[in-house]
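Reader: Hi! Could you walk me through this one while I have it on screen?

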Amino acid sequence: AVPSSITTPSTNYTSSFTVSWPATSTATSYTLAQSVNGASWTHETVSGTSKNYTNRTNATYRYAVRACNSSGCSNYRYSNTFTNTLPPSSISVPASSTTGSFTINWAQVSTAASYTLQESVNNGAWSTVASPTVANYSRTGRPNGSYKYQVRACNASGCSAWRASSTLTVLLPPPVPASLTVPTVTNTNGVIELAWSASATATEYTLQEQKNGGAWESGTLAATSYTRADRTNGNYIYRVRACNTSGCSSWRTSSTVTVLLPPVVPSTISVPNSTVTDGNIAISWSSVSTATSYTLQQSANGAWTNLTSQAGTSYQQVVNASGNYRYRVAACNNSGCSPYKTSNQFTVSLPPEAPQNSVIGVMQADGSYLLTWDVVEGAVRYQIIITDANGIEYIYEVDTNQFTLAVPFGEYT
């Protein structure tokens with residue numbers, strides 16, 4: 001008799017399945033026939049009432065069975081056609097991405113009408129991202145993190161098991177630093193303190209400097225601050241970018257920093273190189289390029305006093321006292337003043353003033369007169385000139401402030 005039924009899977013998602021049927025009395029064997037994808041039937045003899053198939057591929061299957069004995073075989077009992085759908089045999093992703101955009105590829109399944117693709121971020125829960133009908137999918141805009149994907153093949157009967165990928169790491173270039181801080185007032189010492197905000201995922205920063213619109217000079221460092229020393233006069237701009245193994249961010253550019261150092265000391269100062277006898281002193285000095293004014297001081301036999309603060313590089317002074325003189329000059333601008341440049345010492349020796357309070361005393365017993373006068377500071381000698389009635393001059397010199405005059409009788413001045 002024909003076997004009363006034949007049992008096959010209604011659908012199958014693995015490479016193995018079992019075909020079975022009920023026993024038929026008087027049967028000593030069974031002929032089992034198989035048709036794959038509607039092709040010709042293949043036959044085999046089976047002694048039992050079931051057959052376990054392994055290593056089945058993606059295909060449609062139909063089976064038929066008949067009972068046999070020595071007298072012959074019955075008619076066939078036919079199964080329904082069912083589809084065997086395996087998971088894709090492979091799925092591939094890049095090991096890493098520096099852009100957050102990449103493509104997931106998997107092996108095509110011939111019996112699949114579509115695929116379900118899922119994503120896990122940082123070992124989190126699986127979520128479905130697409131149901132494409134082709135065996136690849138492009139993912140864009142993914143942030144930093146680790147990603148895994150799994151895919152399964154689907155058709156009208158259902159879906160296969162999952163095939164999981166290896167881990168993909170997304171590391172984007174860091175974001176541009178949010179700020180770059182530089183001094184906001186004119187720098188007077190050539191030391192510029194720079195600082196910038198940290199960027200997530202940055203492993204180093206590129207710092208560049210531009211002076212007076214010239215070429216950019218670069219340096220690389222891991223910190224988020226830097227002290228730039230020994231800067232000379234000029235206008236400076238700085239820019240910084242954050243970097244990691246995936247690349248670098250855009251630049252963050254600073255405002256302009258102006259460095260104006262105090263001027264250098266004037267290289268020379270000129271004063272008279274011989275004794276001055278008329279009180280006129282000419283002082284001059286070399287100019288300094290960044291100076292806006294010069295401070296001139298005088299020392300006359302001791303302490304320094306200010307004479308002038310002026311833009312020019314020369315000065316004329318008239319002094320009315322003898323002594324030892326020195327001058328010094330400093331170059332100045334808004335950032336401060338240089339050290340002083342000091343001149344050689346020179347001497348001013350002016351003629352002494354006329355004596356005051358001269359007195360002619362009364363005649364002495366010997367007919368002479370005693371002349372006296374006030375001491376004059378700086379005088380080393382005194383000259384007495386006596387003129388008689390005939391206009392004849394008599395000249396005497398003494399080193400004290402008195403003189404004994406002895407002359408014949410007559411009128412004298």
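This is a predicted model: local features need pLDDT of at least 70, side-chain atom pairs count only at pLDDT 80 or more; totals for chains, interfaces and linings use all residues.

Reader: Great. How many helices and strands are in the protein chain?

Author: The protein chain has zero helices and 41 strands (DSSP runs numbered from the N terminus: H or I of at least four residues for helices, E of at least two for strands).

Reader: And is it spread out or a compact globule?

Author: The protein chain is more spread out than a compact globule, because its radius of gyration is 58 Å, well over the 22 Å that the globule rule gives for 413 residues. That radius is taken over C-alpha atoms, and the rule is 2.2 Å times the number of residues to the power 0.38. The C-alpha trace spans about 200 × 30 × 25 Å along its principal axes.

Reader: Switching topic: where is Thr 116?

Author: Thr 116 sits in strand E12, residues 114-121.

Reader: Buried or exposed?

Author: Thr 116 is buried, with a relative accessible area of 11% (buried is under 20%, exposed over 50%, partly exposed in between, with a 1.4 Å probe and protein chains only).

Reader: What does Thr 116 touch?

Author: Leaving out residues up to four places away in sequence, its contacts include Thr 128, Gln 150, Cys 154 and Trp 162; contact means heavy atoms within 4.5 Å.

Reader: Last one: what percentage of the protein chain is buried?

Author: Buried residues make up 37% of the 413.

Methods:
Residues are numbered from 1 along each chain as its sequence is written. Side-chain values use heavy atoms; hydrogens and water are left out.
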